[in-house]
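Visitor: Hey, can you walk me through this one? I'm new to reading structures.

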Amino acid sequence: MSEIENDDVLRRRRAPKRKKDARASASPACGEAGRVASPQERTGAGIDLPPYETIALMLQGGGALGAYQAGVYQGLHEAGIHPNWIAGISIGALNTAIIAGNAPEHRVTRLLEFWETICQPAYGFPLPAFVERALFDSADEIRQAFTALQALGAVVEGQKGFFVPRFPPPLPIVSISPQTASYYDTAPLKATLERLCDFDRINSSETRVSVGAVNVATGNFAYFDNTQIRLRAEHFIASGALPPGFAAVEIDGHFYWDAASCRTRRSTRSRRRRRARTRSSSRSISGARAGRCRTASSTSWGRVKDVQYSSRTRLVIDQMQRA
């Protein structure tokens, strides 16, 4: 066969391949160029989704960032993606309670109701929506001033259905009950969660739920999981009990704070590679164990620092023990 004929054969063999690739790039699984098809498009085209055993949604803390999490869940819901395991910390734990505590068709509505509630001032009436939009869409100076005014209002008045100032406020040097050693009372949050969440549904194991908090006395990170214990509103509130604004929450005789009080997170990964036998020593100037915090300022802030710095030491020790 001549070189010219040989080249013709090669071209003919390659042509169907290129045509096939072009069809594949335009297939429903790929969608339009550069875009991954949605689950509905793939299902409608007869393409099976990967059989994932677990679809997990992890929601971190961050205060107002929780509103973005609500939007993310709405996007997942609209895409037909329904997690069967939800884990949350701090504000993420509150969103977790709303999602897991409602039927799938009601979750987005309940999230919207939750955020529209806690974004209002505790006393008085919020500004009309069109006035707020006009202020936010105006000059940067006006928007910043309006935002600062809203923040000041939250500090002075609290947030509806979330927290209100304690009156009289606790004195920094006076020893009081740990449940009241804070500047704000989160009793309204408990009522809000119990109104918007079905805790029987949460504990039915229809969806696995895990929330994290920190044990005030030991400084250890703890997880509350509905496969191991029955979850209540207190477990979710404890995950967001950031001192000295919010008081520690008592659960089964122990007091818990927001997980943000701890600098590190426990790793559950195991390493199978063999290592040399090693003996190591570590010392920390921050005590992991302590008594209950009974003041709203000096004692609680000191305890927060103890937990933050000693948690780093414990993480290193735990990793070396697993190794």
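Visitor: Is helix 4 (residues 91–100) enclosed or open, and why?
Guide: Largely enclosed by the rest of the structure, because ten of its ten residues are buried. Buried means under 20% relative accessible area, using a 1.4 Å probe and protein chains only. Among them are Ile-91, Leu-94 and Ile-98. Helices here are DSSP runs of H or I with at least four residues, strands are E runs of at least two, and both are numbered from the N terminus.

Visitor: Before we go on, where do these numbers come from?
Guide: This is a predicted model, where local features need pLDDT of at least 70 and side-chain atom pairs count only at pLDDT 80 or more, while totals for chains, interfaces and linings use all residues. Residues are numbered from 1 along each chain as its sequence is written, and side-chain values use heavy atoms, leaving out hydrogens and water.

Visitor: New topic: where does Asp-258 sit?
Guide: In the loop between strand 8 (254–257) and helix 11 (298–322). Asp-258 is buried, with a relative accessible area of 3%.

Visitor: Which side chain has a polar contact with Asp-258?
Guide: That's Ser-90, at 2.7 Å. A polar contact is a pair of N or O atoms within 3.5 Å; within protein, one must be able to donate a hydrogen and the other to accept it, and residues adjacent in sequence count only if both are side-chain atoms. Asp-258 also touches other residues, including Val-214 and Gly-240.

Visitor: Val-214, which residue is opposite that?
Guide: Trp-257 in strand 8. Strand 5 and strand 8 pair in the antiparallel sense over two bridges; strands pair if DSSP finds at least two bridges between them.

Visitor: How many residues of strand 5 are buried?
Guide: Seven of its eight, so to speak mostly covered. 

Visitor: What about its other partners?
Guide: Strand 2 (residues 85–89) runs parallel to strand 5, joined by five bridges, and Ile-89 stands opposite Gly-212. Strand 5 also forms a hairpin with strand 6, with five residues between them.

Note on methods: Buried means under 20% relative accessible area, exposed over 50%, partly exposed in between (1.4 Å probe, protein chains only). Contact means heavy atoms within 4.5 Å. Lists of a residue's contacts leave out its neighbours within four places in sequence.
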